[in-house]
Amino acid sequence: MKIGFIGVGNMAKSIIAGWLAKKTFRPEDILVHSAHRNNYEKYAKETGVTACDSNTVLAQEADIILLAVKPFVLASIIDEISDVMNENKLIISMASGVSLAEIESQFKDKKIPIIRIMPNVNVEINEGMTAFVRNSSVTDIAYEQAKSLFDSLGRTLEIPEKDFSIFVALAGSSPAYIYYFIDAMARSGVKYGLTKKQATEISAQAVLGSAQKVLATTKSPMDMVDDVCSPGGTTIAGLLAMEEAGFMTAVVKGIDATVLKDQATH
Ligand SMILES: NC(=O)C1=CN([C@@H]2O[C@H](COP(=O)(O)OP(=O)(O)OC[C@H]3O[C@@H](n4cnc5c(N)ncnc54)[C@H](O)[C@@H]3O)[C@@H](O)[C@H]2O)C=CC1
Ligand SMILES: O=C(O)[C@@H]1CCC=N1
């Protein structure tokens, strides 16, 4: 089976790295094409994946075509590849805010199997979180096969399409927010004399361990907060100061803005 990426930016490279690490595909069975020949040809040489001369050639040769371009170029790409598409090929779109119905309508009368996903960059280290939804032309077999490809990249979840905007906020975009939190912690460490490297390692390991503990327990995160806050201790002092600065409100406002932006793409 050959899988082709139209667009070889941050997200495509993260997915490809995850699959190459897990040997899900042989490098030569991964096809790539993007707007910048120098970039994708160099990338193909470095990784062993196959560079295609055009989006159309890629769509002709691949069984699964992953659309890994920014949402605003999706329509022109579908226009380009539509003639070589048929019901035996599968489209997977990761464009935020672009619905299955919008993609279907761009293929006009053709009944193309389409899966919409929302991955995150952590697929690169096989710790991703990817949402799935499909149109009615995708068979159960094709769907399970596509899902299993992403199972090798971390966790997957089938959700109704209406929930994609909140999923973007909580998983697609949130790595940026969590990196930002880690950086803020690390800067505080630097303020108190640690090197940035030390402080970043300490902060990132604290986030990693905390996330693993949340996933491993049935306790609510808030109960876990209480477990760390000793009466009259350091943690409650820090937590209350963070709340005074609007920690919870800042996070919720950030998620609201992400959801609104995703919805505005429709
Ligand atoms: N970056 C992220 O963390 C995530 C991104 N996404 C989605 O993935 C998609 C790609 O995002 P990024 O990889 O971050 O973007 P990017 O800007 O890093 O990459 C976009 C790629 O599209 C290529 N491209 C542009 N016009 C083209 C054309 N006409 N034909 C072929 N290739 C073309 C560019 O050359 C580039 O390789 C977006 O729709 C985004 O919403 C989804 C989840 C997470
Ligand atoms: O910022 C964006 O629009 C994309 C979608 C999710 C992560 N990056």
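Which elements do the buried residues of α1 pack against? Here are some friendly notes to read alongside the structure.

1. Before you start: this is a predicted model, in which local features need pLDDT of at least 70, side-chain atom pairs count only at pLDDT 80 or more, and totals for chains, interfaces and linings use all residues. Residues are numbered from 1 along each chain as its sequence is written, while chains are lettered from A and ligands numbered from 1 in the order in which they are written.

2. Let's take helix α1, residues 10-22. Helices here are DSSP runs (H or I, at least four residues), and strands are too (E, at least two), numbered from the N terminus. The 13 residues of α1 reach 19 Å from first C-alpha to last, close to the 18 Å expected (1.5 Å times one less than the number of residues). After α1 comes K23, with a positive phi near 55°.

3. Now the opening question. Buried residues of α1 include M11, I15 and W19 (buried: 20 or more other C-beta atoms within 10 Å of a residue's own, with C-beta atoms placed from the backbone). The partners of the buried residues are β1 (3-6), β2 (30-33), α2 (37-47) and β7 (128-134) (contact: C-beta atoms within 7 Å).

4. Zooming out, an automatic or database assignment gives domain 1 (3-161) and domain 2 (174-264). Their C-alpha centres lie 33 Å apart.

5. An unreviewed UniProt entry annotates residues 161-263 as "Pyrroline-5-carboxylate reductase dimerisation"; such annotations may be inferred rather than shown by experiment. Over residues 161-263 the chain is 82% helix and 0% strand.

Conventions:
Buried ≥ 20, exposed ≤ 12 C-beta atoms within 10 Å, placed from the backbone. Contact = placed C-beta atoms within 7 Å.
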